[in-house]
Amino acid sequence: MPARHLARSMTSRPSLQPVAAAALVFAACAFTGTAQAGDEVKVLLEILLEKGILTQQEYDSKLKKLVEVEEVRAFNEAQDVRKAAREIEQRAEVERKFKTQIYGQVSAGYYDASNMKGTQSASGLSDQPKGNNRIGLKVAREFDADTSAVVTLESNFSSRTGAVGKDAAASGEGANPLLDREASVRLISKPYGTLLFGRGPTLQNELSGAFDARQNWNFGGLKSIARYAGFHSSSGLNRADKLIRYTSPEFSGLTLDGGVSLGGMPGSGEQGTHYYFGGRYKRGPFEMAYSHIEARLSYGTPTIVPEDSNNRVDFFAAKYTIDRLTLNAGYVITRNPLLSTATLSTASPAGKADVDTWFAGAVYRLLPDLSANLGWYQVKDKTSTRGLNDVRMVATGLTWSPYKEWDFFVDYATVDRKDGATAAFTLYDAWRPDTGNKAALSSGTRDQSGISVGAQYKF
């Protein structure tokens, strides 16, 4: 190359510095976002060095800056990843501490029974023939591994009419309170036990179901007997308002339970206080339980709420499981210490009198998803009517459970009454018939018998 051209070339080199710098800045800005961009900038620097546009010193300086930029980028990315991970973990922690559950069950079917009101038979679509229809919401908050709180809101409903709330199943007509089954908060501690506040179930509610051989709770089971004999009622016996209930942890198979309902009678906050205590013991295949209730139940017209207990209950029960067979038996003493002259009758509400109740039964699992049950129930009238209002009931049935959520059942029950009985009884859970006098409760004073076919779904 001629000397003048070489000189011109060397003289013009400094003028390329701004161009190279601009190209480098543009490339650095364009490719800083990723590791691939950093590699491309490095390749560009090497090209500029090979072309003589950059000196080695300039190349080293800019490469150093590039490395620093990449380190800063990598650090920022790592910080972003850590921040995102922390946010995900925080959300997961919140989800672990708060759990929400919607649950319930619904059953329906067909029934036909005799002498449900005088000589009138009743038949038609049955409302909750197996177990009480319910829908509920539970919201749980975990404080630590051993302590949590659970809010429960639960309502009864009719599968015939859609009515919701108190007595919806009995009458098919909704009435306040809406959350008739439960509206409570539980404080649960594994080492110290469970404390319940609000409207909720008592120990008696759990024992009546746990020790009844009949898998059909509402038709020909212990519930209808217990209503009649005075140890099952949503007004303070199996469920109560303003309830404070404590359940202990299990000690060598024994669990203790007690509570007080402060003005448990709806509409009578200053009176009607009930007291409960008892427990359960379970060891291997054997289980037994006891419950005592001191209750003040309203009566008469206008309504009277007594100052002393007029319904005292002592419930004893046991059951034993042998392979596929479970046997059970129980004895219940119901007394009215306030009114010794009280009798079982429609005028004096059922249960506020002296009654002895015996029950026994068995459940046998024929197949993994098919079981048969049999229950025997005897109510002895101990009042001045001298056994006039005794009740003897036998019920049996088959239950097929092809899925965990589904039960299909067929049941038969028969009730024996004495001639001239005055206290009304029903083998159903106080339902209203679909035929005849629909305004009247499906109960009577004569012998009764009936069948029930249906299905129940739990969710």
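**The largest cavity and its setting**

Two strands, β7 (239-247) and β8 (254-261), each put at least two residues into the lining of the largest cavity; strands here are DSSP runs of E at least two residues long, and helices are runs of H or I of at least four, both numbered from the N terminus. The model is a predicted one, with local features needing pLDDT of at least 70 and side-chain atom pairs counting only at pLDDT 80 or more, while totals for chains, interfaces and linings use all residues. Residues are numbered from 1 along each chain as its sequence is written, and side-chain values use heavy atoms, with hydrogens and water left out.

β8 is the top contributor to that lining, giving 3 residues. A cavity is a set of points on a 1 Å grid over the protein atoms alone where a 1.4 Å probe fits but cannot get out, and lining residues have an atom within 4 Å of a point. The space inside the largest cavity is about 30 Å³, taken as the volume filled by probe spheres set on the points, which are joined across faces, edges and corners.

Of its 459 residues, 42% are buried, meaning under 20% relative accessible area with a 1.4 Å probe, protein chains only.

Notes. Buried means under 20% relative accessible area, exposed over 50%, partly exposed in between (1.4 Å probe, protein chains only). On a 1 Å grid over the protein atoms alone, a cavity is a set of points where a 1.4 Å probe fits but cannot get out, and a pocket is an open set with protein on both sides within 12 Å along at least five of seven lines; lining residues have an atom within 4 Å of a point.
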